[in-house]
Amino acid sequence: MSLPQYDYVIIGAGPAGMAAAVEARQHGLNVLVLDEQPAVGGQIYRNIEDLEGQRRDEFEKLGADYQEAFELAQRFRASGAEYRPGRSIWQIDPDLTLYHIGQDGGPSETCHAQRILIATGAMERPMPFPGWTLPGVLACTAADVLYKSSGLLPRGEIVLLGSGPLLLLIACRLLDAGVKIAAYLDTNPHLAPFQALPYLPKALRGHEYLRKGIAMLWQMFTSGAKVHLGVTGLEAEGEGHLQKVRFQQGSSTWKELPADLLLLHHGVVPNVQITRQLGCEHTWYEKQRYWEPVLDQWGNTSIENVAVAGDSGRVCGSANSVLTGQLAALETARALGKIDLAQQTALAAPLLKKQDQELAIRPFLDTLFPPRHPWLVPKNEETLVCRCEEVRVREIRDAVRLGALSPDRVKPMVRCGMGPCQARMCGLTVAEIIADERQVSPADVGYFRVRSPIKPVTLGQLTGVE
Amino acid sequence: MFQPPPNVAKTIQITFEGKTYQVAPGQTVAAALMGEGYLTLRNSVVSGETRAAFCMMGICFDCLLEINGQPNQQSCMIQVRDGMNIQRQLKKGECA
């Protein structure tokens with residue numbers, strides 16, 4: 001059976017994937033873009049074409065970068081790249097054969113690529129606390145997705161918890177849309193701003209971001225929402241769904257708030273499911289406490305002909321994602337003989353210069369918003385860590401004490417990571433708990449071995465039999 | 001919990017737990033149900049506790065529903081279609 005052949009298969013149609021596809025097409029490559037979502041834009045620019053076309057007022061409020069992203073989406077549409085939305089990768093073989101299924105069922109399909117670009121973006125860092133599985137407790141980006149894709153707005157008593165620029169951004173977007181936020185619980189450690197100070201001079205080169213950040217802080221603090229700083233503990237409670245939150249600041253007494261919705265955000269981490277399944281080398285990024293694939297300046301991984309662009313490498317935001325996508329596509333154009341090294345170097349020079357400017361603020365931001373205890377390892381031993389199999393902190397610690405020193409050893413003992421999400425939600429926390437129990441770094445503990453199928457596939461889809 | 005936008009053409013008919021709803025096209029099943037006031041989408045297969053969509057981007061698998069007879073579908077990833085029949089899944093120990 002002959003497989004459909006492509007020069008370049010790009011996974012993900014967010015900023016990085018779209019930019020890579022446009023660049024690759026300019027050099028005459030035969031490109032396929034597979035994306036899990038029903039529309040282009042990734043998570044950040046979700047539903048962007050529909051927003052631009054059908055919801056003009058709201059689109060204009062989203063800011064100038066959305067206009068740029070819409071233009072990128074238009075260039076992508078016109079690029080001649082084959083684009084298949086709603087397709088999930090469930091396996092990639094070492095010879096770069098890809099297996100993918102449709103969100104609506106239907107048989108699994110297979111194709112082969114000369115080179116692959118993984119541009120699957122980032123996900124919210126899950127940080128467990130008692131009650132985080134109650135209906136009414138959501139990731140803050142979930143509220144953003146509901147707004148952008150369906151126009152749904154939160155209502156009732158709304159509490160936000162966490163830290164970081166994205167939480168502020170989403171909070172301000174809700175405020176702009178007329179949503180009333182009851183309380184904003186900030187979990188950032190008091191010392192973080194001082195620790196970030198040495199990185200401020202360099203960050204000033206990205207002053208546009210700083211200006212935006214200060215404007216957002218101002219909007220939040222003057223919105224009428226009760227702002228509580230230095231929050232170190234949280235519990236969500238309710239019968240069947242969220243009704244109230246209890247929180248603590250340092251060693252103060254617990255306070256209580258009524259709540260219908262609790263929106264969480266503790267930063268984002270790279271989605272490494274595919275790079276892990278392929279066996280790419282990963283390294284621990286201590287500042288933001290996550291694993292990232294080891295990449296060179298073109299996004300090449302440790303596996304030949306496999307590269308990563310955008311936030312599925314290191315989380316650096318959408319503007320950098322576009323640049324990394326273009327750089328990766330130039331590398332592919334050279335590797336496949338469409339351009340030579342001199343042309344690649346010349347074409348990359350302005351992109352690298354822009355990237356240098358773009359990344360100036362990252363050391364400052366990554367130090368200003370550190371993921372830190374007590375949120376990384378829940379103090380309450382009964383907290384559910386693995387949502388799928390309902391495994392608690394205590395059970396993971398017990399397994400470590402019995403000699404299971406890594407996530408893969410703990411997994412068969414207590415089932416954490418064995419449910420449908422395949423450790424996407426618990427992986428980092430399990431590693432942090434094991435590291436905490438052993439008094440070592442998660443870098444020494446390692447991560448789960450991610451195996452195919454990385455998305456659930458039915459036997460019917462595998463065999464093509466209904 | 002979530003307020004749907006006013007003045008949206010609701011051209012799609014779906015059935016959830018035997019009740020029919022007119023919903024707007026171009027959205028996911030989970031979003032459509034949240035717009036109709038449903039937050040809880042399933043019960044945990046381990047403890048039976050109520051669960052709802054958490055991430056809305058295909059990561060958490062907490063929005064699993066039975067859609068057109070096919071169980072364990074990620075309802076935050078699947079677009080609503082006219083005539084879709086959606087069910088909550090059975091709790092552990094319950095039989096059809």
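These are legends for a set of close-up views of a predicted model.

**View 1. Chain A as a whole.** Start with the big picture: chain A carries 18 helices and 22 strands. Its radius of gyration comes out at 22 Å, close to the 23 Å that the globule rule gives for 466 residues, so chain A is as compact as a globular protein of that length. Along the principal axes, the C-alpha atoms of chain A fill a box of roughly 65 × 50 × 45 Å. Buried residues account for 52% of the 466 residues in chain A. If you look at contacts in chain A with a separation of 6 or more, 67% of them link residues 24 or more positions apart.

**View 2. Helix α16 of chain A and what surrounds it.** This helix covers residues 427–438, so to speak a 12-residue run, and reaches 17 Å from its first C-alpha to its last, close to the 16 Å expected at 1.5 Å a residue. The rest of the structure largely encloses α16(A), because 10 of its 12 residues are buried. Among the buried ones are G427(A), L428(A), V430(A), I433(A) and I434(A), and E432(A) and E437(A) are buried too. What does the covering of these buried residues include? The cover includes strands β17 (268–270), β19 (290–293) and β21 (384–386), along with helices α14 (393–401), α15 (407–414) and α17 (442–445), which belong to chain A. Just past the end of α16(A), Q439(A) takes a positive phi of about 60 degrees.

**View 3. Where chain B touches chain A.** The contact draws 37 residues from chain B and 39 residues from chain A. On the chain B side, the elements giving two or more residues are β1 (2–3), α1 (29–35), β5 (50–52) and β7 (70–74). Sorted by class, that side of chain B has 21 nonpolar, 13 polar and 3 charged residues.

**View 4. A strand pair across the two chains.** Which residue of β1(B) stands opposite L153(A)? That would be Q3(B).

Conventions:
Residues are numbered from 1 along each chain as its sequence is written. Chains are lettered from A and ligands numbered from 1 in the order in which they are written. This is a predicted model: local features need pLDDT of at least 70, side-chain atom pairs count only at pLDDT 80 or more; totals for chains, interfaces and linings use all residues. Helices (H or I, at least four residues) and strands (E, at least two) are DSSP runs, numbered from the N terminus. The expected span of a helix is 1.5 Å times one less than its number of residues. A residue is buried if 20 or more other C-beta atoms lie within 10 Å of its own, exposed if 12 or fewer, and partly exposed in between; C-beta atoms are placed from the backbone. Two residues are in contact if their C-beta atoms, placed from the backbone, lie within 7 Å. Ala, Val, Leu, Ile, Met, Phe, Trp, Tyr, Cys and Pro count as nonpolar, Asp, Glu, Lys and Arg as charged, and the others, Gly among them, as polar. Two strands pair if DSSP finds at least two bridges between them. The radius of gyration is taken over C-alpha atoms; the globule rule is 2.2 Å times the number of residues to the power 0.38.
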